[in-house]
Amino acid sequence: MSHSVKPQNSARKLIRTTEELIAAGLAPASQQEALAEVAQHYATAIPPAFLDLIDQTNDPIGLQVIPSPDELQVTAVERSDPIGDNALSPVPGIVHRYADRALLKPLLVCPLYCRFCFRREHVGPDGGVLDDAALENALNWLRAHPQIQEVILTGGDPLMLSPRRLGHIMAALSAMPHVTTIRLHTRVPVAAPERVTEALMDALESDKSVWMAVHINHAREMSPAAQACLKRLVRRGIPLLGQSVLLRGVNDTEEALEALFRSMIAVRMRPYYLHQLDPAPGTARFHVPVVEGQRLLAGLRGRVTGLAWPTYVLDIPGGYGKVPLGPGYVEGPTTVRDPEGTPHVLDRL
């Protein structure tokens, strides 16, 4: 059952524990035992910036961050490492799936913990940061592999690092001749925009091509503070990419996706990927079938600018990488279907 939580939001406090969830009106006391069990497996963090956006506990913001007893239900297709990171990690902190790029995970801490996260069994406040020796080992691996042209900072959330630590990593990557592109994947600009200080943005300075992919799933996440934060990053010359996950109850309508993508374009963020949900444990309540996702995107064709059109992708379980799932319009050698579903025969295709 959903209920309003606005009266409890005035404290502007980071919510971490089951007791804090109940005290804030985010969960009923009757769920305390079940939620305590959930907490033994998966971390919770709801920062003030997200708490302020929750109107109802099962609204598109609340669903993303409020733990549920349903997370204890694991289906046969779900797995703890759904995209196969572990088998592709040559040294701690590195994931190498594609020939020309690698992930660098300097920490496993996030500003909030999404209830659908594909790394949900690994991230948390106790996930920690790579110590100096482990970080240097990971950087040395990158130095020793000249085929790596792009390094993607993820985790965890790299913008949870101190400016000093982040600056050290950026400087080390910038000094590698073969690295041409540095990409950061983050939730901080919408979840904790106050962390994006001048010092943190200074730490991002590099003579390499620096990009930032921001995870946003609903237009309401674009609060005034988030918009201001993103605009500051744009003024620093950092191109922004939008990443979203297709989620039941959050953005599984044409209207919700249209508003989301338009909100990105409004702050000069290019919608990049719309991810099919990865089968992490206890996430079945968020699942949207691929055919439904394809139908939703087909419904947006011609309705939104091509600038607001992401690539709909599936990360094949087992570490096989991403494949596009976008709706197809070609039927046979000379027939296409328009967004209304009407076939058109063309003389030349």
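The model is predicted, so local features are reported only at pLDDT of at least 70 and side-chain atom pairs only at pLDDT 80 or more, whereas totals for chains, interfaces and linings use all residues. Residues are numbered from 1 along each chain as its sequence is written, and side-chain values use heavy atoms, with hydrogens and water left out. The protein is divided into domain 1 (18-72) and domain 2 (94-337), with bounds that come from an automatic or database domain assignment.

**Domain interface**

- The centres of domain 1 and domain 2, taken over C-alpha atoms, are separated by 24 Å, and the contact (heavy atoms within 4.5 Å) takes 23 residues from domain 1 and 27 residues from domain 2.
- About 2,000 Å² is buried between domain 1 and domain 2, with carbon and sulfur atoms giving 56% of that area; buried area is the accessible area (1.4 Å probe) that two parts lose on being put together, summed over both.
- In domain 1, the residues that lose the most area to domain 2 are Tyr-42, Leu-63 and Gln-64, which together account for 31% of what that side buries.
- Between domain 1 and domain 2 there are 5 salt bridges, each defined as a side-chain nitrogen of Lys or Arg within 4 Å of a carboxyl oxygen of Asp or Glu.
- On the side of domain 1 that touches domain 2, α2 (32-41), α3 (48-51) and α4 (62-65) each supply at least two residues, and the largest share, 3 residues, comes from α4; helices (H or I, at least four residues) and strands (E, at least two) are DSSP runs, numbered from the N terminus.

- Asn-217, in the loop between β5 (209-215) and α9 (224-235), counts as buried because its relative accessibility is 0%, where buried means under 20% relative accessible area, exposed over 50%, and partly exposed in between (1.4 Å probe, protein chains only).
- The side chain of Asn-217 makes a polar contact of 2.9 Å with the side chain of His-215, and, not counting residues up to four places away in sequence, Asn-217 touches residues including Gln-64, Phe-116 and Arg-187.
- Arg-248, in the loop between β6 (240-245) and α10 (254-266), counts as partly exposed because its relative accessibility is 29%.
- The side chains of Arg-248 and Asp-252 are joined by a polar contact of 2.8 Å, and, leaving aside neighbours within four places in sequence, Arg-248 is in contact with residues including Leu-63, Arg-285 and Glu-292.

**Backbone geometry**

- The peptide bond from Gly-155 to Gly-156 is cis, with omega near 15 degrees, and Gly-156 lies in the loop between β3 (150-153) and α6 (163-174).
- Arg-268, although not a glycine, has a positive phi of about 65 degrees; Arg-268 lies in the loop between α10 and β7 (269-275) and is exposed, with a relative accessible area of 67%.

Terms used
Polar contact = N/O pair within 3.5 Å; in protein donor to acceptor, adjacent residues only side chain to side chain.
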